[in-house]
Amino acid sequence: MAELVMAAATPHNPLLWRAMRDPMPDDLAAVAGNFARIRETIRELGVDVLVVVGTDHIRQFFFDHAPAFVVGKAAQYHGTYENEVRTFGMEYVELTGHPELAEAIAGRELLPEAIDFAVSHEWRLDHGFVIPLQYLRPELDLPIVPIHTNATLPPLPSPRRFAVLGEHLRETIAAWESDARVALITSGHMATDVGGPRQFAGSPDPEFDADAVAWMRDGDLEGAVDGCRFDRVMAAGNVTYQYVNVITALAAMGGRPADLAEATESRFASSPFFMWRKPA
């Protein structure tokens, strides 16, 4: 059977792509170091497939059609959009999919009892997927299963459903008839406010960031679910809800304490870095 060998969570701030260049700015050295630490762990563990949980930023899925959870079943994916190339200096990428694992996750004939998925056979991935992959596996040579989680357009799935997603991924990968070694990569934000006066003033809510790190550091799954109530998370910043993707990683790891749990400070809002080497 396949094995889930690690999980991690990283930022996907596209501004990093322009700013995090050699010579490395002092305030971004820790961010670059944490990406490198997770990248090395993927290499060390001999990962064969990446399941990438992220949130499309209203590019592939719009106000008129916004499923809660979408599993990518394509064999190939195009990456990023023209405005991300123009604005952030990102590069167009081509990625290989893994339809077999995607089908196992989504369910071929029956939807899983605890959670339901939409599927997509054609998908252009935005920076929420491309940025973590380019820093964690710059060769882009591992097949991926992208999973979009709606963390932007109300009605949003509750934090509990993100925990169910993580549990489903752990059980599905463990039951998948394959010898593949699978890593789960999620991305999102700590407290972050985009487009307002709090965008470039450090963390808009250090108290939320401290709690968010503690939930992962201590393996407090119930605390994370309860602490990510919609009103509390939105008070921390208008795109902070993407933090709940990290709950998926914690649940996939059986709710055990993370080996790396940090809100890394930089010129931008604090960056989430979490990593687990194996499930409980």
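Some ground rules. Residues are numbered from 1 along each chain as its sequence is written, and side-chain values use heavy atoms, with hydrogens and water left out. As the model is predicted, local features need pLDDT of at least 70 and side-chain atom pairs count only at pLDDT 80 or more, while totals for chains, interfaces and linings use all residues.

I'll start with the interior. In soluble globular proteins, nonpolar side chains tend to be buried together. A nonpolar core here is a set of buried Ala, Val, Leu, Ile, Met, Phe, Trp, Tyr and Cys residues joined through side-chain atoms within 4.5 Å. Buried means under 20% relative accessible area, exposed over 50%, and partly exposed in between, using a 1.4 Å probe and protein chains only. The largest such core has 55 residues, and Val51, Val182, Met216, Tyr243, Ile247 and Trp276 have the most contacts inside it. Helix H10, residues 244-252, gives the most to this core, with 7 residues. Helices (H or I, at least four residues) and strands (E, at least two) are DSSP runs, numbered from the N terminus. Apart from that core lies another, of 41 residues, including Met6, Leu45, Val70 and Phe129.

Back to H10: 9 of its 9 residues are buried. Take Ile247, whose contacts (heavy atoms within 4.5 Å), leaving aside neighbours within four places in sequence, are Pro159, Phe162, Ala163, Met216, Leu221, Ala224, Val225 and Cys228. Following H10 is Gly254, with a positive phi near 75°.

Next, the rings. Phe, Tyr and Trp rings (for Trp, the six-membered one) pair if their centres lie within 6.5 Å; planes under 30 degrees apart count as stacked, over 60 as edge-to-face and the rest as tilted. The whole structure has 13 aromatic pairs. One of them is Phe61 with Trp123, edge-to-face, at 5.5 Å centre to centre and 75° between the planes. These two are 62 residues apart, with Phe61 in the loop between strands S2 (49-54) and S3 (69-72), and Trp123 in the loop between S6 (118-120) and S7 (124-125). Phe61 is buried because its relative accessible area is 9%, and Trp123 is buried at 4%. Phe162 and Tyr241 have ring centres 6.4 Å apart and planes at 75°, so that pair is edge-to-face. Phe162 sits in helix H6 (residues 159-175) and Tyr241 in the loop between helix H9 (230-235) and H10, 79 residues apart. Ring pairs also link Trp17, Phe35, Tyr135 and Phe273 into a cluster.

Now the backbone. Most residues other than glycine have a negative phi, and most peptide bonds are trans. Which residues does a cis bond with omega about 5° join? Pro154 and Pro155, the latter in the loop between strand S8 (144-149) and H6. The bond from Asp22 to Pro23 is also cis, with omega near -5°, and Pro23 is in the loop between helices H1 (15-19) and H2 (29-44). Ile58 has a positive phi, near 60°; Ile58 lies in the loop between S2 and S3 and counts as partly exposed because its relative accessibility is 30%. Leu140 has a positive phi near 55°, in the loop between helix H5 (127-136) and S8.

Last, the largest pocket. Its lining has 22 residues, with Asn13, Pro14, His189, Val194 and Gln199 nearest the centre. A pocket is an open set of points on a 1 Å grid over the protein atoms alone, where a 1.4 Å probe fits, with protein on both sides within 12 Å along at least five of seven lines; lining residues have an atom within 4 Å of a point.
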